[in-house]
Amino acid sequence: MNYYEVTFKCTSTLEKDVAYDVLAAELGEIGFESFTKQEDELSAYIAEGMYDEKKLTDLLGSFPLTDTRFDYTSTLIEGKDWNEEWGKNISNRSGSDRNVLFMLLSMNRNPDTPMIL
């Protein structure tokens, strides 16, 4: 599944963390599913089929906190099999890392399925 990553930068007279928290709550109302907050920005993620730029601009235009403005960029992230991507890097792990991975993987595995590390 493809997702949009929309990254917001805030200009406000208020504490930016407060502005980003309110923004995340508002974005959740129009279909955004997850959020990551860095020092100076908020990234929000929404499924490609749910992304509606008009809803987003309307939301930002009627944002409830006065003296708060957001600039944003949108990037389409193509779907990947993240388990496969993760698995590609297992062979690069040291012996002790591989032992931890073996223990974690063996906890919830089907005993009839071979496990290759």
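Which residues in α1 meet which residues in α2? In this predicted model, Leu23, Glu26 and Leu27 are the α1 residues, and they meet Leu56, Leu59 and Leu60 of α2. By class, this contact of α1 with α2 has five nonpolar residues, one charged residue and no polar residues.

**Geometry of the helix pair**

- Helix α1 spans residues 16–28 and helix α2 spans residues 53–61; their axes come within 11 Å and cross at roughly 140°.
- Because of that angle, α1 counts as oblique to α2; an angle would have to be over 145 degrees to count as roughly antiparallel.
- The handedness of the crossing between α1 and α2 is right-handed.

**Overall architecture**

- The secondary structure of the protein consists of four helices and four strands.
- Along the sequence, these elements follow the pattern β-α-β-β-α-β-α-α.
- The protein has 117 residues, of which 25% count as buried.
- Among contacts in the protein with a separation of 6 or more, 61% are accounted for by residues 24 or more positions apart.

**Confidence of the prediction**

- The protein has a mean pLDDT of 84, and 73% of its residues reach 70 or more.
- Confidence is highest in α2, at a mean of 97, which is one partner in the helix pair described above.
- Confidence is lowest in helix α4, residues 95–107, where the mean is 59.

Note on methods: Residues are numbered from 1 along each chain as its sequence is written. This is a predicted model: local features need pLDDT of at least 70, side-chain atom pairs count only at pLDDT 80 or more; totals for chains, interfaces and linings use all residues. Side-chain values use heavy atoms; hydrogens and water are left out. Axes are lines fitted to C-alpha atoms, for helices over the stretch in contact, and angles run from 0 to 180 degrees between N-to-C directions. Helices (H or I, at least four residues) and strands (E, at least two) are DSSP runs, numbered from the N terminus. Angles under 35 degrees count as roughly parallel, over 145 as roughly antiparallel, 65 to 115 as roughly perpendicular and the rest as oblique. A crossing is left-handed if the near helix is turned anticlockwise from the far one by less than a right angle, and right-handed if clockwise. Contact means heavy atoms within 4.5 Å. Ala, Val, Leu, Ile, Met, Phe, Trp, Tyr, Cys and Pro count as nonpolar, Asp, Glu, Lys and Arg as charged, and the others, Gly among them, as polar. pLDDT is the predictor's confidence in each residue, from 0 to 100. Buried means under 20% relative accessible area, exposed over 50%, partly exposed in between (1.4 Å probe, protein chains only).
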